[in-house]
There are 2 protein chains.
Amino acid sequence: MKKKKNKPLILVTNDDGITAPGLRALAETMQQLGDVVVVAPDSPQSGMGHAITLNNPLRLEEVEIAEGLKGFQCSGTPVDCVKIAIDRIIHGKPDLCVSGINHGSNSSINVIYSGTMSAAVEGAIEGIPSVGFSFLDYSYNANLAAPKHYAKIIASNVLRHGLQQGTLLNVNIPALPLLKNNSDKNSIRGVKICRQANAKWEEEFDERVDPNHRKYYWLTGKFKNYDKGEDTDVWALSHGYVSIVPVQFDLTAHHAIPFLNKFRFDS
Amino acid sequence: MKKKKNKPLILVTNDDGITAPGLRALAETMQQLGDVVVVAPDSPQSGMGHAITLNNPLRLEEVEIAEGLKGFQCSGTPVDCVKIAIDRIIHGKPDLCVSGINHGSNSSINVIYSGTMSAAVEGAIEGIPSVGFSFLDYSYNANLAAPKHYAKIIASNVLRHGLQQGTLLNVNIPALPLLKNNSDKNSIRGVKICRQANAKWEEEFDERVDPNHRKYYWLTGKFKNYDKGEDTDVWALSHGYVSIVPVQFDLTAHHAIPFLNKFRFDS
């Protein structure tokens, strides 16, 4: 696949898999901004984090995603999809890498567990301006007008201005309709640049017994926000704003270096 | 399992699986510092990143790891192991969570892909002082004396001083013997507190054809270090030092917020 002059090449992927409505919505939106290549997992990969496939080979197959929109399904993880798209399909770097639209939130600590965000992180590691989009409506038949609207505006901005080296965007869109008039209080109020809220999941494992009398456990949990700040993604979303968190993959806690230099390691 | 007074409770996990020599070595070392609970994956989970198991239930089984050392094998990922250990085995938080000793490096960008490090990140999210240990000798029969020596010293320091909120340690040990005398140039020279090097993998997919004439791809790649700094983990390891990088799970690129506030999102 060759890049055309004056038309950006946009790689679209996700973690809900090649058949997800959010992927089709994002690909169709990106077609308004450039040429689109879709490479997505052949099965749902939610919660896959930054997993890569080391011990198995990958399959790659061309499929039709919608009328006039071809793409590739890959047997690997979201991160595998980005890697194989660059090496085997695009044979180079696209101008933009977008992931989503995820069916469910990736705000605060969810960024760590999210396959959607890991695909965008991988794009950024490759030096590609990258954005992950997530929508806070989990239903398969959700109205995607609002996330499509903001995906277009945000992707346009990123194509125009680029992103700073080593950073990418985590975009979450609240489950509200687009603003129709200024007196409409139950619609999206705009966009806020935020930091990742200090929140976590409190897990409980649901213990059951199978027909062979062996125990098994389902992961369940409650989301707990410990962060009172009004500059966080959780605050923005709960107040009707689209949240944008700039994310980095340098995980160094630079502020902790002086503390550790006081440790004694010689005995 | 109950915590004993005056004796720390240490959770040991890994990503190479319950049978890995590195896990046994780490568990035996930690037994010198406190009471040990081992909960590790029942199969190798390298490259699993921060994956969690959402769509399948988990199994948990008690096994004997070495003489007098019992543990639990879990059918999930390294992150699942930490979560289920807290909720179903310890019924609370241990005083320390250690992961490894990984057979292979987790320096620089590998921290993102590593199941070993993700288990330690999960421990830190839970508020537990956490450390991931990795040894740069990939061989199954590697002499683990040096990583055991440093795991004990570093874990002792962490038990004594704690770690700053929201941080954990990524420890890598070079494939060199312990220093016997000061004139020995080919042994470990000491410990350095470092930042994560700016390095990445340049992937190539090896294309093959299966007996049914269908293509498949193996992920391969070369490690490229773009970072000339002498304060990085890659520099320390290549100069004979144990590297310790403080890691954080707040991924916000705070420095990018002013740049993004210049974007226009209203059209």
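Modeller: In chain B, nine strands make up an open sheet of mixed pairing, ordered S3-S4-S2-S1-S5-S6-S7-S11-S8; helices (H or I, at least four residues) and strands (E, at least two) are DSSP runs, numbered from the N terminus, and two strands pair if DSSP finds at least two bridges between them. This is a predicted model, in which local features need pLDDT of at least 70 and side-chain atom pairs count only at pLDDT 80 or more, while totals for chains, interfaces and linings use all residues. Residues are numbered from 1 along each chain as its sequence is written, and chains are lettered from A and ligands numbered from 1 in the order in which they are written.

Colleague: Which strands of chain B stand at the edges?

Modeller: Strand S3 (60–66) and strand S8 (190–193) of chain B do, and each has a single partner strand, so one side of each is left without a neighbour in the sheet. From one strand to the next, the twist averages 25°; angles run from 0 to 180 degrees between N-to-C directions, and axes are lines fitted to C-alpha atoms, for helices over the stretch in contact.

Colleague: And S1 with S2 in chain B, parallel or antiparallel?

Modeller: Strand S1 (residues 9–13) and strand S2 (residues 35–41) of chain B pair in the parallel sense, over four bridges, and B:Leu9 has B:Asp35 in S2(B) as its bridge partner.

Colleague: How many bridges join S9 to S10 in chain B?

Modeller: Eleven bridges join strand S9 (residues 199–209) to strand S10 (residues 215–225) of chain B, and the two run antiparallel. B:Glu203 stands opposite B:Gly221 in S10(B). The hairpin of S9(B) and S10(B) has five residues between the strands, and B:His213 there takes a positive phi near 65°.

Colleague: What lies across the chain B sheet strands S1, S5, S6, S7 and S11?

Modeller: Helix H4 (residues 115–125) of chain B lies across S1, strand S5 (96–103), strand S6 (130–135), strand S7 (167–173) and strand S11 (241–248), and H4 runs at about 170° to S6(B).

Colleague: Switching to chain A, what is the strand order there?

Modeller: Chain A has an open sheet of nine strands with mixed pairing, in the order S3-S4-S2-S1-S5-S6-S7-S11-S8. Its edges are strand S3 (60–66) and strand S8 (190–193), each with a single partner strand, so one side of each is left without a neighbour in the sheet. Four bridges join S8(A) to S11(A), which run parallel, and A:Val191 stands opposite A:Val242 in S11(A).

Colleague: At what angle do H1 and H5 of chain A cross?

Modeller: Helix H1 (residues 21–30) and helix H5 (residues 145–161) of chain A have axes that come within 10 Å and cross at roughly 45°. That makes H1(A) oblique to H5(A); angles under 35 degrees count as roughly parallel, over 145 as roughly antiparallel, 65 to 115 as roughly perpendicular and the rest as oblique. The crossing of H1(A) with H5(A) is right-handed, where a crossing is left-handed if the near helix is turned anticlockwise from the far one by less than a right angle, and right-handed if clockwise.

Colleague: Which residues make that contact?

Modeller: A:Ala25, A:Leu26, A:Thr29 and A:Met30 of H1(A) meet A:Lys148, A:Ala151, A:Lys152 and A:Ala155 of H5(A); two residues are in contact if their C-beta atoms, placed from the backbone, lie within 7 Å.

Colleague: How far apart are the axes of H2 and H4 in chain A?

Modeller: The axes of helix H2 (residues 78–90) and helix H4 (residues 115–125) of chain A are 7 Å apart, and the helices pack at an angle of about 30°. H2(A) and H4(A) are therefore roughly parallel to each other, and their crossing is right-handed.

Colleague: How many residues does each chain give to the contact between A and B?

Modeller: The contact takes 61 residues from chain A and 61 residues from chain B. On the side of chain A that touches chain B, the largest share, five residues, comes from strand S11 (residues 241–248) of chain A. The residues on that side of chain A divide into 36 nonpolar, 16 polar and nine charged, with Ala, Val, Leu, Ile, Met, Phe, Trp, Tyr, Cys and Pro counted as nonpolar, Asp, Glu, Lys and Arg as charged, and the others, Gly among them, as polar.

Colleague: What rotation superposes chain A on chain B?

Modeller: A rotation of 180° with 0.0 Å of shift along its axis does so, with RMSD 0.0 Å, and that is the relation of a two-fold axis. Copies are superposed by least squares on the C-alpha atoms of residues with pLDDT of at least 70 in both. The same surface serves both copies, since 100% of the contact residues of chain A recur in chain B.
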